[in-house]
Amino acid sequence: MEKTLSIKHLLGTKDLTLQDVELIFSQADEFKEVLSRPIKKVPSLRDITIANIFFENSTRTRLSFELAQKRLSADIVNFAAASSSVKKGETLVDTVNNILAMKVDMVVMRHASPGAAQFLSQHINAAIVNAGDGTHEHPTQALLDAYSIREKLGTVKGKKVAIVGDITHSRVALSNIHLLKTLGAEVMLCGPTTLIPKHIESLGVKVEHNLRNALEWCDVANMLRIQLERQDVDVRYFPSLREYSLQYGLDKQLLDSLSKKIVIMHPGPINRGVEITSDVADSDQSIILQQVENGVAIRMAVIYLLAQNIETRKGM
Amino acid sequence: MSQITLIDSKLMSLVITRLCHQLIENHDDFSETVIIGMQPRGILLAENVVDKLRAIQPKSNIRYGIIDPTFYRDDFRQSGKQLIARPTEIPFNLEGQRVVLIDDVLYTGRTVRAGLEGLMEYGRPKSVELMVLIDRRFSRQLPIEPTYIGKSIDSYDNQEVRVMWKKDGGEDKVILVSD
């Protein structure tokens with residue numbers, strides 16, 4: 001059986017088949033080994049140039065992508081919207097086409113508009129990796145989350161995962177739902193009614209508004225951040241952060257009172273004391289730092305596999 | 001399609017025993033030597049060699065690792081098929097060690113070149129030797145030659161050497177297939 005990715009771009013986890021995910025995970029296993037070596041680098045992508053285009057702020061994702069690319073020996077160019085011609089009124093396609101004219105093979109893009117990566121993939125001749133498009137998808141985050149669950153619990157299939165917090169404004173939540181369903185996990189969303197999209201049950205997930213019930217049900221709890229920057233300023237989704245924290249924040253007392261030991265995840269950045277307290281984030285049940293570590297291996301795997309589908313430039 | 005048996009199971013046992021004794025002659029008690037099998041098929045020969053060495057010299061500590069050359073190949077994006085990496089396990093430092101690299105068939109030499117590059121990431125070995133079961137002479141595209149050879153053969157490019165092992169469910173043998 002020939003193993004290849006079914007996709008040319010990674011726009012969202014919705015497009016991934018089970019075979020794709022298994023292939024990405026198997027390669028991530030090998031890249032984790034590479035990352036444990038004295039020389040944490042392989043020469044595979046010597047002839048590939050990647051542009052990291054970030055129209056939105058990011059620390060962890062951008063660093064993680066950059067490290068992944070460097071450890072694959074790719075050449076990289078970085079572009080932050082704040083310091084660019086976007087401010088002068090240039091369109092997205094023009095901006096990216098200008099970068100591509102400098103012979104770039106792959107684009108990693110984060111953008112505030114949902115569907116930006118999809119749009120770009122239809123207009124640009126390069127492999128696109130979506131590093132987050134508004135409230136839509138953040139596929140590599142979901143992949144590293146699922147990979148971390150697999151690493152911690154042995155498998156994702158049949159596990160119960162609760163995603164807690166601001167589901168409406170979270171791209172991490174949507175990507176996680178699609179991927180976890182593909183991998184055969186059960187998913188429950190938990191948060192105040194105002195922060196859970198209507199009809200989300202149609203994706204095959206459970207909805208629960210009581211945090212304790214959700215935690216008692218699950219094997220893994222993914223605690224999302226409240227995305228204040230994405231919330232409409234005129235709309236109050238909850239009375240105050242303090243009240244949200246009292247209802248949906250996870251502290252050590254609640255964690256210890258559960259009937260079993262659950263795994264705690266967080267996509268970062270953490271608002272300590274809001275969605276989880278410090279002692280939970282730093283407890284032995286938390287795999288938050290492993291998630292960050294696995295992020296580099298997962299992104300190496302995604303880039304490595306996608307790069308192989310890029311046509312070689314003839315005559316060069 | 002025709003096929004010729006190059007090595008049958010009886011000869012295979014003799015060949016592996018001979019290769020082991022050649023190793024012992026050069027490496028004594030293996031205190032400074034490590035054996036590295038090449039993924040994917042070279043590790044099957046390497047495991048057989050290591051098992052036999054341990055049987056012959058039970059007091060020696062034979063260190064064994066495996067390496068996957070995929071990330072170092074020179075045909076990335078050129079072969080038209082996806083290059084899928086397999087596990088690499090080298091749980092020791094190669095700095096100053098004498099390495100015996102083992103693969104089943106030596107053909108163009110390109111896989112061995114990739115494997116050598118991968119090895120160097122684990123430290124600077126004192127020396128590297130190459131052991132192969134089948135040496136397809138006169139087919140080399142790079143200046144790479146084996147130190148220990150099971151059997152040398154002359155073959156055409158349209159022929160294929162298949163190495164089969166008991167561990168795969170068949171018997172130990174090597175055949176040359178022509179189409």
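The radius of gyration used here is taken over C-alpha atoms, and the globule rule is 2.2 Å times the number of residues to the power 0.38. The legends below describe a predicted model.

**View 1. Chain B as a whole.** With 179 residues, a compact globule would have a radius of gyration near 16 Å, and the 16 Å of chain B agrees with this. Along the principal axes, the C-alpha atoms of chain B fill a box of roughly 45 × 40 × 30 Å. Of its 179 residues, 37% count as buried.

**View 2. Secondary structure and contacts of chain B.** Chain B has three helices and eight strands. Their order along the sequence is β-α-β-α-β-β-α-β-β-β-β. When contacts in chain B between residues at least 6 apart in sequence are considered, 68% join residues at least 24 apart.

View 3. The bond that joins B:Gln39 and B:Pro40 is cis, with omega about -5°. B:Pro40 sits in the chain B loop that runs between strand S2 (33–38) and helix H2 (42–56).

**View 4. Positive phi at B:Asp28.** B:Asp28 is not a glycine, yet its phi is positive, at about 55°. The residue belongs to the loop between helix H1 (9–27) and S2 of chain B. B:Asp28 has 12 other C-beta atoms within 10 Å and therefore counts as exposed, since a residue is exposed if that number is 12 or fewer.

**View 5. Positive phi at B:Phe138.** B:Phe138 is a residue other than glycine with a positive phi, near 60°. Its place is the loop of chain B between strand S5 (127–137) and strand S6 (148–154). With 10 other C-beta atoms within 10 Å, B:Phe138 is exposed.

View 6. A:Pro269 is located in the loop between strand S9 (263–265) and helix H10 (278–281) of chain A.

Terms used
Residues are numbered from 1 along each chain as its sequence is written. Chains are lettered from A and ligands numbered from 1 in the order in which they are written. This is a predicted model: local features need pLDDT of at least 70, side-chain atom pairs count only at pLDDT 80 or more; totals for chains, interfaces and linings use all residues. Helices (H or I, at least four residues) and strands (E, at least two) are DSSP runs, numbered from the N terminus. A residue is buried if 20 or more other C-beta atoms lie within 10 Å of its own, exposed if 12 or fewer, and partly exposed in between; C-beta atoms are placed from the backbone. Two residues are in contact if their C-beta atoms, placed from the backbone, lie within 7 Å.
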